[in-house]
Structure formats: structure tokens, C-alpha cells
Amino acid sequence: MTYGFAVLSAAAALLSCKSEPELPAPKFHFQDDVNEITVRRDTITGYQINADIDIPNGGQKLVVINGFTYEEIETIPIQGETYKLRYPVDFTEIDADTTFAYLFKVIDNTGRTFNDAFAIHMLRSWHPEVKFPRNEFATWYENYPVIADISTGFNDIRTIRVTRGGATLLEVDGETLADSSKYALNLPVDLAMGDNEITVHVEDIRDQSVDEVLKVSRIAVPNLKIERFLSIAPPTPNGVVTTTYVYTYDEEDRVSSISSTSNAAYPTVTNMTFYYNADRPSQIDSIYYDAGGTTYTGTVFTYDSNAELTKMENWTKRKTGGYYQAPAERVNQIIYTDGRITRYYGGSRTIDAYYVPLFGTQVLGDVLATVTGASRDVYTFREKIHNPFCFPALPPISNLPNAAQINYMAIPFMPFNKVRYSDKDSDTATERGQYGVDLDEYGRVKTFRQNEYSNKWTLTTFEFYYLP
């Protein structure tokens, strides 16, 4: 809500040739020492502005002025060196978000004036509210979760009804909700091709209701192959650093390499080349990293006959030949459960991976070290939006070299936020990431805003460009 009001300038102090000391300055003492409040219409029909006013020269009159138009509302005769302001404001005929702004100008017996201001922000009565993450968009997913935050404020919910084309998909009554005024809707819905309109109807116990419509257009799967994406870092004294990542693909439409360069003062070009398993085309056997120096590094994945990862090794070679650093295991002792990596040993510690059900599939939700003092990050999700960073050909382990840390590579959907637990056994979390997504007309991620906390909140923006 945008509002504004101004305080009139105090009249210039009267010049005096008197030798006696000046009287104390006039002053307003508003109740609770505040001159701006917010109230809700449900709980109040009016508000009385209270202030004790010191008037050392004695009061003559008090003028009430509209804080927006500066028109005089009324003049009140006063007298004495103190005055108790008791000014009522009536809300009876109003039930909309409204700001009341007043200037109170005091004129004392010498003609001296002084003033102060008071603002009341009145919020309308609580009405049922339904808030979708977005109200209209396209997607190619057949099964899509209808997600909404439902609130009825001070009034309990009587009924929630979700419909499409006259057919009821869900109905929940107040008894089921146990006299609640909040409800987190998460309803999987099978979408028909074309336009789908889903209506969420909410009614509270005061017979107030709202109908909000979610418009989802189901389309054919678009081209999800990335041509390039930009990583735009926060501004620095030397300007904004933008890094461009360019993808190339092989004859089987697999990512064969990713090269990156930036507009930094001393930019480097990094190339990552991916080599796939001849017998299992969807698995990566090795990755080479070349940053333009005299050496290049490699990561090698070894799998058993069941296509399960058994170890990961790193090495560094000179471009003139020979090892600069011999192959060394970074990950081993890998345990699979139901076809997924659930534990491995790397970086001198054992690491557990946990999976959570999300949008009809099992998603890596938590990776943490089983040692005291190891923090863990957990992502939460609100929308079924394809994650363009996802790289399913790479194993979901956290010990890849930094050059291969494609963000969120093991998560098929875009996260909503991230919280951190200070210890593996801690139940207390602090927010460490806030994420925002803009979609293009095909439901693909166009812009991703990553606001993460290290020693301060830092916003990085990613822009995606897809092949036609």
C-alpha cells in the first residue's frame, strides 16, 4: 500500500530581547510514543488518537488538518499549558484498505505554532484468500499439483471446494479442518491437452466466500536443450560480472561439452568435456576440465556390471604429457538402496543421501555427513517446474570437483528455498536460500534468481536460452 503525508514546518521561533530563559519547547506525547499504527477492521470500528501536549506559553487553539490535502478539518479551542488530545476516527462506513493521515497544529497565546502528525493504516476485514504461486502458465506435465495457500484470517474455514468444468476434484469441510483458518492446498490433477481452468472456492463461517481461478495450458513437450545460459553476479566496484555457459551436443543429443567465459578483468575460458559409456549411453564415464593452463584435470567414474557406481577418481595431467597428480579416489564405499545411492565415503567422511517423494517421483532431498558438527542443507519445493540445471547422467554425489558443480544437478525440479541445519541431529533450521523463477511461453525457466546467504545475502541471476 502506498501512502504519503507531510508534516508542516514549525513556525520560526519568535525573536526575543528578554533576558529570562526560554520556556521549554512545546511537544506532543502520543500514546505509546508512536504516531503511526496499523489496525484490522475486523477487530475495531474506530480509533481514538491520544496525545498529551505540552504548551509552555498556554494554548489558544488546535487545528486538525487532512494530511493528504492539507485542508483544515476543524478548529478546537484550547487553553492552559497542557492539553489532552482525544481525537476519534470512525471506521463504521469503511471496509477497504485505507490510510488516515492527520496533522495537528497548535497555536499558543503568543501566536507561536507547532505541529505533529499521526497516521492510521486500516486494513480491511479478513476475507477468504487463495494465493497460487502463479495464476496462469503453460506446462507439458500431464499430472500437475494445484498448490495454493488458503487463509480466512480471524474466521475459520467452512468449506474448500476445487472444481474443473463443473466436476468436483476436492471438497473439504470445516469439521475436517478442525476449526482452522489456514490450509495448504496440494492437489495433483491430471491435465487435459489445451486449456485447463481450475477453480478454488473458499467460504468462511461468516458466509464470506471467494473463487480464484488457476489457468494452466498443457502443451507438447518443448525443446529443453539449452543453447547457453548466463550467470549474472552481484555488482562489484569493477562492474557486473557475467559468465556465459555454452552447450554443445553430440549426434545422440547428449551434452558433449560446456564452455564458459566471463567479462571479468582477467577472464578465463573453461571447457568441460563429457565422455559417455559405450554400453550405457546415459551414463558418463569421465569428465575433462581445461581452464587454459598447462594442465587439465579429469574425473573418472567406475561402474559395476549392474551399472552402479563403485568409485570416483580424480587426476591432473600435464598437456605436454604425464601425470601432474596421479589418480586418487575421492568417493568409494558406495551403497545403493532400491537403485539409488544412499551412502558413500568421500572427503574423509561418510555421507548419507535421503530421498523424498515429490510430484510423483523420488527426489534427492538431503545430503549430509554423519559426523557431529556437519551442517546440512535441505531444499523445499512449491511448483512442478523443470530444472534446466539437472544433469541426470551425473551421479547424485556432493564430491564432484568445483568445476563440475552444475547447480542443483541432481534435482529435477526448481527449488523454492533452502534451509540449513547446523548439525546432523539438529531440528532447528535457518533460511539460507530464496529462489524465484520466471517462465517463458512454453513453461521453461527463462530467469532464475538465486538469493543465498554465506556471510551476507547475495543475489545471482541466471538467464536461459534454448535451441529452437
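Modeller: A salt bridge is a side-chain nitrogen of Lys or Arg within 4 Å of a carboxyl oxygen of Asp or Glu. Arg228 and Glu227 meet that definition, with their closest N and O atoms 3.0 Å apart. Both are partly exposed: Arg228 has a relative accessible area of 27%, and Glu227 has 32%. The term sits between buried (under 20% relative accessible area) and exposed (over 50%), using a 1.4 Å probe and protein chains only.

A word on the basis. This is a predicted model, where local features need pLDDT of at least 70, side-chain atom pairs count only at pLDDT 80 or more, and totals for chains, interfaces and linings use all residues. Residues are numbered from 1 along each chain as its sequence is written, and side-chain values use heavy atoms, leaving out hydrogens and water.

Now the strands (DSSP runs of E, at least two residues, numbered from the N terminus). Glu171 bridges to Arg161, the closest N and O atoms being 3.3 Å apart. Glu171 lies in strand β13 (residues 167-173) and Arg161 in strand β12 (residues 157-164), so the pair ties together parts 10 residues apart in sequence. Arg161 is partly exposed, at 28% relative accessibility.

Glu329 forms a salt bridge with Lys311, with 4.0 Å between the closest N and O atoms. Strand β24 (residues 323-337) holds Glu329 and strand β23 (residues 309-318) holds Lys311, so this pair ties together parts 18 residues apart in sequence. Glu329 is partly exposed at 43%. Lys311 is also partly exposed, at 26%.

Asp52, Lys84 and Arg86 are linked in a salt-bridge network. The whole structure has 18 salt bridges.

Definitions and conventions
Helices (H or I, at least four residues) and strands (E, at least two) are DSSP runs, numbered from the N terminus.
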